[in-house]
Amino acid sequence: MTEQQIVKKNERYTVEIVDLSYEGMGVAKIDGYPLFIENALPGEEVEILVVKAGNKFGYGKVETFITQSPDRQPVENNALLRIGIAPLAHLKYEQQLVFKQKQVEHVMAKIAKMPEVPVLPTVGMAEPFGYRNKAQIPVRRIDGQLATGFYKKNSHDLVPIEDFYIQDPVIDQAIKVVRDILQRFQVRGYNEEKNEGQLRHIIIRRGHYSHEMMVVLVTRKEKFFKSKEIAEAIHEELSEVVSVIQNINEEKTNVILGDKEKVLYGRDYIEDQLLGKTYRISAKSFYQVNTQQAEYLYQTAIEFAELDKKDIVIDAYSGIGTIGLSLADRVDKVYGMEVIPEAIEDAQFNALNNKIENVHYEVGKAEKVMKKWQEKGIKPSVIVVDPPRKGLDHHFIESAIEMSPERIVYISCNPATFARDAKLFAEAGYAVKKVQPVDLFPQTHHIELVASFVKGE
Ligand code: SAH
């Protein structure tokens with residue numbers, strides 16, 4: 001017999017918030033049973049309603065604040081917390097930066113087992129809002145009208161919203177314009193439950209420096225009535241638009257983009273600048289959403305790499321080449337690899353366009369290409385990695401260690417997998433010198449960091 005669970009759904013409790021989860025939720029404990037509570041900060045005393053009680057933990061909702069934290073700041077629109085677009089908007093920005101530094105310290109101690117590694121203070125933004133250069137907005141039909149907004153956390157209920165707070169305000173404005181044009185052409189919003197209707201998502205990217213805009217309309221079916229006229233209208237009403245693309249996603253899935261794409265207006269890419277170089281960015285290519293902070297991040301990575309003219313650098317998980325091309329003129333040679341073919345086409349184009357000749361790119365899984373390069377006898381002095389959230393594949397780490405570079409620079413968007421990988425590098429004789437969190441995602445719990453490793457004697 002297991003012990004009977006004491007906390008039940010719909011019960012009310014008065015609790016003290018003792019911690020902030022890595023997702024930015026307040027944590028309270030009732031006889032050791034953890035409850036996660038949105039919009040609650042450490043030190044606050046709150047009356048809560050239990051909204052969900054599982055075996056190991058539950059969720060609560062604040063009914064009344066008895067005390068409030070001095071670290072709290074007012075949030076204009078509470079939907080921002082609820083929809084998960086800005087789950088930390090109620091925490092003062094200096095404290096958000098401290099929270100992120102502590103999270104990194106925590107994983108360095110607990111997962112990497114290296115509490116001694118210095119984690120520098122998070123580098124934040126002077127104006128920590130309106131920074132996102134990309135929006136991916138679900139479209140649904142609500143009361144016969146097209147609605148754009150965001151999902152409630154852990155649900156598929158759309159909360160209509162117009163001011164997204166962390167997005168470039170020009171993009172917010174453009175979403176409304178595109179939505180209204182689609183409404184005028186009587187395009188039907190997608191109904192997820194019934195898997196019917198046409199328009200699933202509107203994606204907008206806008207170059208931070210170039211101001212070039214791309215609009216991607218993700219549809220459920222290839223047949224898209226009056227698509228060219230719609231694209232024309234978008235271009236006419238939004239003069240910055242240089243590209244309108246239809247992406248077709250017929251699957252019943254959470255994945256936003258399908259494989260198939262059609263250009264409805266203009267080109268199939270936008271251009272933007274980063275650290276003085278120009279980049280072509282296709283719809284399917286990854287591009288950091290916070291350009292200003294990405295520049296800081298890459299600059300720090302380059303500094304950590306301590307480059308010299310003789311260096312041979314591998315830029316693993318290269319995307320469109322932003323890191324490798326930013327440092328190419330300081331080194332002898334750059335090798336880059338990336339799994340998305342469109343991104344590698346962009347990288348090759350970007351090299352030519354910026355007159356950079358000492359680079360070589362290959363499409364493929366990093367772990368496969370790395371092994372191949374290792375067997376070919378390529379001897380990098382520096383390896384830069386920038387993997388997705390799941391971190392490095394252990395085959396990749398084996399090949400990297402086998403190649404015996406002098407320095408490794410690791411850029412990560414997930415401290416937990418970073419710490420796991422850092423431990424493996426440390427065991428192979430690579431000491432972590434320092435870790436620098438850079439805030440690419442203000443008002444959210446997402447953390448980006450860059451770390452340097454050097455080979456031991
Ligand atoms: N360095 C680039 C991209 C970083 S994002 C930049 O800063 O812009 C991580 C990249 O890894 C994405 O472009 C993604 O497509 C790619 N990727 C994901 N899994 C991969 C794998 N197994 N092998 C190679 N690339 C991968």
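**Burial, contacts and helix faces in a predicted model**

Biologist: Why does Ile161 count as buried?

Modeller: The relative accessibility of Ile161 is 5%. A residue is buried under 20% relative accessible area, exposed over 50% and partly exposed in between, with a 1.4 Å probe and protein chains only. At 5%, Ile161 is therefore placed in the buried class.

Biologist: Where is Ile161 found, and which residues is it in contact with?

Modeller: Ile161 belongs to the loop between strand E9 (158–160) and H3; helices (H or I, at least four residues) and strands (E, at least two) are DSSP runs, numbered from the N terminus. Contact means heavy atoms within 4.5 Å. Apart from neighbours within four places in sequence, Ile161 is in contact with Asn77, Leu80, Ile83, Thr148, Gly149 and Phe150. One of these, Asn77, is 84 residues away in sequence but 9.5 Å away in space, C-alpha to C-alpha.

Biologist: How do you know whether Ser243 is buried or exposed?

Modeller: Its relative accessible area is 0%, so Ser243 is buried. Ser243 lies in strand E12. Residues up to four places away in sequence being left out, Ser243 touches Met213, Met214, Val215, Tyr265, Arg267, Asp268 and Tyr269.

Biologist: How is Ile111 classed, and on what value?

Modeller: Ile111 has a relative accessible area of 34%, and is therefore partly exposed. The residue sits in the loop between helix H2 (93–110) and strand E7 (134–142). Its contacts, neighbours within four places in sequence aside, are His106, Ala416, Ala419, Arg420 and Lys423. Glu45, 66 residues from Ile111 in sequence, is 31 Å from it in space, C-alpha to C-alpha.

Biologist: What is noted about phi in Leu275 and Tyr317?

Modeller: Leu275 has a phi near 45°, a positive value in a residue other than glycine. Tyr317, also not a glycine, has a positive phi of about 65°. Leu275 is placed in the loop between strand E14 (269–274) and strand E15 (277–282), and its 27% relative accessibility makes it partly exposed. Tyr317 is in the loop between E16 and helix H6 (322–327); with a relative accessible area of 17%, it is buried.

Biologist: What makes the buried residues of H4 lie on the same side?

Modeller: In helix H4 (residues 227–237), the buried residues are Ser227, Ile230, Ala231, Ala233 and Ile234. Their arc around the axis is only 160°, which puts them on the same side of H4. The arc is that of the directions from the helix axis to the C-beta atoms. The cover over these residues includes helix H3 (169–184), strand E11 (213–219), strand E12 (241–248) and strand E13 (260–266).

Biologist: How do you know that the buried residues of H8 line one face of the helix?

Modeller: Helix H8 (residues 366–376) has Ala366, Glu367, Val369, Met370 and Trp373 buried. Viewed down the axis, these buried residues fall within an arc of 165°, so they line one face of H8. Lys368, Glu375 and Lys376 are exposed on the other side. The buried residues pack against strand E16 (312–316), strand E17 (333–338), strand E18 (359–363), strand E19 (382–385) and helix H9 (394–403). After H8 comes Gly377, with a positive phi near 90°.

Biologist: Why is the protein called as compact as a globular protein of its length?

Modeller: The protein has ten helices and 22 strands. Its radius of gyration is 24 Å, close to the 23 Å from the globule rule for 457 residues, so it is as compact as a globular protein of that length. The radius is taken over C-alpha atoms, and the rule is 2.2 Å times the number of residues to the power 0.38.

Biologist: What share of the residues counts as buried, and what share of the contacts joins residues 24 or more positions apart?

Modeller: Of the 457 residues, 55% count as buried. Among contacts with a separation of 6 or more, 64% join residues 24 or more positions apart.

Terms used:
Residues are numbered from 1 along each chain as its sequence is written. This is a predicted model: local features need pLDDT of at least 70, side-chain atom pairs count only at pLDDT 80 or more; totals for chains, interfaces and linings use all residues. Side-chain values use heavy atoms; hydrogens and water are left out.
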